[in-house]
Amino acid sequence: MSKKIVVVNAGPRMGWNTDTLLQVASKGAVAAGAEIERFDLFRLEKYTGCISCFGCKRKKFKGHCICRDGLTPVLDAIREADGLIIGSPNYLSELTASFRALYERLIFQNLTYRVEEPCCNDRMIPVLLIMTSNAPDTIYYKMMQNYQKTFSRFVGPTEIFVSGDTLQLKDYSRTDWPWTLFDAEAKQKRHETVFPQECQKVFEMGSKLVNK
């Protein structure tokens, strides 16, 4: 029986950096024999982050967020999955609000507030967390390492991948968007030379995730 990997896109732009890396990582998982179930958070029904109802702290709902909305199918799928690949662009030095909403609900349902059992998740799964950023990839490693620690503690062993200095536009010379901060030629060159190497890396990471 093949393993099921849940893939979550926490970015809005289809066909661009985050989406591309997730597609390639998914292909790596499929090449290793897995089945993929994908969710695009910006295309779900309305949802929120954690509302602090503490329903997940009651014994009969242990490890289950009881808030029913657009994120419920995502949380249910992750609970039954054999692995998780999740990606988000960097917005204002953080991951997207959509990512944070899922992150809050995913982590908090497994947090018990009990010294003897801090985490009630008895089915840990491997995680690949991908971030793309317009800024250089070295800037946000500490932030990503913090996410890595939390995912590893409450969801399962987590690896991170950061793609920085990404190409945001096909044409930086557009007069209606006079962006003078960037070196358009350098951005394009990196996209043509380095980004394919990053795609190969996440393909390999997606494949390895299946066999963990």
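Predicted model: local features only at pLDDT ≥ 70, side-chain atom pairs only at ≥ 80, totals over all residues.
1. A pair of aromatic rings is described by two quantities, the distance of the centres and the angle of the planes.

2. One of these pairs is made by Phe54 and Phe108, whose rings are tilted, with 6.1 Å from centre to centre and 55° between the planes. This pair links distant parts of the chain, since Phe54 sits in the loop between β2 (35-40) and α2 while Phe108 belongs to helix α3, 54 residues apart. The two partners can also be described by their accessibility: Phe54 has a relative accessible area of 42% and is therefore partly exposed, whereas Phe108, at 14%, is buried.

3. Phe108 takes part in another aromatic pair, with Tyr113, and here the arrangement is edge-to-face, at 5.9 Å centre to centre and 70° between the planes. Is Tyr113 buried or exposed? Its relative accessible area is 58%, and because exposed means over 50%, Tyr113 counts as exposed. Elsewhere, Phe99, Tyr103, Tyr147 and Phe151 form one aromatic cluster.

4. The largest nonpolar core has 38 residues, and those with the most contacts inside it are Leu84, Phe99, Met144, Tyr147 and Phe151. At least two residues of this core are supplied by each of β1 (4-9), α2 (72-80), β3, α3 (97-108), β5 (127-132), α4 (141-154) and β6 (158-163). The largest share, 6 residues, comes from α3.

5. Which residues does Leu84 touch, leaving aside its neighbours within four places in sequence? Leu84 is in contact with Ile5, Val6, Val8, Ile78, Leu106, Ile125, Pro126, Val127, Leu128, Phe151 and Leu209. There is also a second, separate core of 18 residues, which includes Leu22, Ala29, Phe195 and Val210.

6. The side chain of Asn90 reaches the backbone nitrogen of Ser93 at 2.9 Å, and that of Glu94 at 3.4 Å. Not counting residues up to four places away in sequence, Asn90 touches Met131, Thr132, Ser133, Tyr140 and Met143.

7. Turning to the whole protein chain, there are 5 helices and 6 strands, and from the N terminus on these elements follow the order β-α-β-α-β-β-α-β-α-β-α. The radius of gyration is 18 Å, close to the 17 Å that the globule rule gives for 212 residues, so the protein chain is as compact as a globular protein of that length. Taken along the principal axes, the C-alpha atoms fill a box of roughly 60 × 35 × 30 Å.

8. Two further totals concern burial and surface. Of the 212 residues of the protein chain, 48% count as buried, and the accessible surface comes to about 11,100 Å², of which carbon and sulfur atoms hold 54%. As for the contacts with a separation of 6 or more, 78% are accounted for by residues 24 or more positions apart.

Technical notes: Residues numbered from 1 in each chain as written. Heavy atoms only, no water. Polar contact = N/O pair within 3.5 Å; in protein donor to acceptor, adjacent residues only side chain to side chain. Contact = heavy atoms within 4.5 Å. Core = buried A, V, L, I, M, F, W, Y, C linked by side-chain atoms within 4.5 Å. Buried < 20%, exposed > 50% of the residue type's maximum accessible area, 1.4 Å probe, protein only. Helix = DSSP H or I, 4+ residues; strand = E, 2+ residues; numbered from the N terminus. Rg over C-alpha atoms; globule rule 2.2 N^0.38 Å. Areas by Shrake-Rupley, 256 points an atom, 1.4 Å probe, with all protein chains shown as cover. Phe/Tyr/Trp six-rings, centres within 6.5 Å; stacked < 30°, edge-to-face > 60°.
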